Amino acid sequence: MTTIVLFYYTLFILLVSITAAAFCLSGYLISHRRLFAYACVGFIAYFLDVALVFQDDFLLRGVTSVAPDSVYFVGSQLPSIVTGLGILMAFWLCICDFFEVKSKPLIVVPGIAFVVGSLVVFFLTDSGPVGLFVFYGMRSLFMVWVLAFVGVCYMQSPDGAVRERLWRYRWFYIGAWVLVFAIVAENGVLMFVIDPALVSTGSVPFFPERNFAENILMMWFAGFVCVDCWKLFSLHFKTPPADNGDKSVAFIDNGLASYQDRYGLSAREVEVLREVLLGKDNQHIANDMSLALSTVKVHVHNILHKTGQSNRQDLMRDFRMRS
């Protein structure tokens with residue numbers, strides 16, 4: 001009975017992973033935001049990672065000639081380094097894109113450290129509980145690094161608009177921390193607390209590769225990303241793509257809805273933003289919209305503040321990147 005439950009549970013995790021990847025791919029095709037492309041790769045990598053568990057639990061263990069002698073058997077450690085790198089680096093790139101990290105060493109060094117550390121543990125330790133705990137602990141260490149980086153960026157950011165945007169995701173962030181610690185705790189219990197004799201007798205379905213807290217963390221990510229994508233889809237359903245012969249004008253009109261939702265701009269601010277993106281100065285905007293010049297200046301100031309940009313050029317650059 002337990003095997004059947006785990007079988008369908010694994011299929012469910014695979015389904016969630018590939019569904020999240022499909023949502024992210026659709027979000028990228030609509031918005032061209034690289035963050036969605038990175039997340040898509042991350043969920044595909046997790047799909048493959050869970051597929052390795054599926055292979056070891058329900059194929060290798062079912063073949064007598066290759067069945068493991070040890071309850072601590074993990075059949076795909078080296079491939080799991082590859083899939084783990086894909087998962088972790090994809091979501092690290094999402095964070096780098098969000099915070100506009102430009103330093104190449106900062107972007108690539110965490111991934112290199114993960115691979116080197118995992119290989120060192122794999123080749124220099126045995127396949128017992130300590131070795132496996134440290135091996136899979138490399139993933140948790142990477143996730144701690146990412147979450148700590150986000151926290152430091154929030155604390156050190158001088159931009160009130162950026163801090164406000166991050167504050168909206170506080171429960172997601174707190175939940176991620178809780179689940180990362182749960183991953184470490186679950187690995188510790190499985191490796192050092194549960195008596196291997198109980199596993200040998202079948203009293204405990206012990207699967208070192210399977211970490212339920214990690215599965216929940218990925219579903220936590222998937223739910224968050226899918227909701228974000230659904231909001232993006234809804235905006236595009238409400239505001240159909242512009243049919244305009246001028247490609248630059250069409251690009252602006254097609255991106256305004258998602259940009260408005262991202263930064264919480266008012267309807268009037270969006271109208272002013274459109275004129276700014278078309279290259280008009282404040283006086284021309286005031287004339288075209290029948291507004292006082294001082295009113296236009298206030299709207300432009302509020303737009304720059306909400307988007308965290310210092311001038312019109314930065315605003316245009318940010319719009320092109322986000323839309």
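Modeller: One term before we start: buried means under 20% relative accessible area, exposed over 50%, and partly exposed in between. Also, this is a predicted model.

Biologist: Fine. Then is Phe 122 buried, exposed or partly exposed?

Modeller: Partly exposed, because its relative accessible area is 25%.

Biologist: And which ring does Phe 122 pair with?

Modeller: Phe 135, in a tilted pair with 6.5 Å centre to centre and 55° between the planes. Phe 122 lies in helix α4 and Phe 135 in helix α5, so the pair ties together parts that are 13 residues apart in sequence.

Biologist: Phe 135, buried or exposed?

Modeller: Phe 135 counts as buried, at 5% relative accessibility.

Biologist: How many aromatic pairs in the whole structure?

Modeller: The search finds 22. One of them is Phe 43 with Phe 91, which is edge-to-face: 5.3 Å between centres and 80° between the planes. Here Phe 43 sits in helix α2 and Phe 91 in helix α3, so parts 48 residues apart in sequence are tied together.

Biologist: Why do Phe 43 and Phe 91 count as buried?

Modeller: Because Phe 43 has 1% relative accessibility and Phe 91 has a relative accessible area of 15%, and the cut-off for buried is under 20%.

Biologist: Which cluster are they in?

Modeller: Ring pairs link Phe 43 and Phe 91 with Tyr 169, Phe 172, Trp 220, Phe 221 and Phe 224.

Biologist: Now the largest nonpolar core. Which members touch the most others?

Modeller: Phe 43, Trp 92, Phe 99 and Leu 217, out of 55 residues. Several helices supply at least two residues each, among them α1 (2-31), α3 (77-98), α7 (170-193) and α9 (212-238). The largest share, 11 residues, comes from α5.

Biologist: What does Phe 99 touch, leaving out residues up to four places away in sequence?

Modeller: Phe 149, Val 150, Cys 153 and Leu 166.

Biologist: Which helix gives the largest share of the patch?

Modeller: Helix α4, with eight residues. Val 120 has its place in that helix, α4, and counts as partly exposed because its relative accessibility is 41%.

Definitions and conventions: Residues numbered from 1 in each chain as written. Predicted model: local features only at pLDDT ≥ 70, side-chain atom pairs only at ≥ 80, totals over all residues. Heavy atoms only, no water. Core = buried A, V, L, I, M, F, W, Y, C linked by side-chain atoms within 4.5 Å. Buried < 20%, exposed > 50% of the residue type's maximum accessible area, 1.4 Å probe, protein only. Helix = DSSP H or I, 4+ residues; strand = E, 2+ residues; numbered from the N terminus. Contact = heavy atoms within 4.5 Å. Phe/Tyr/Trp six-rings, centres within 6.5 Å; stacked < 30°, edge-to-face > 60°.
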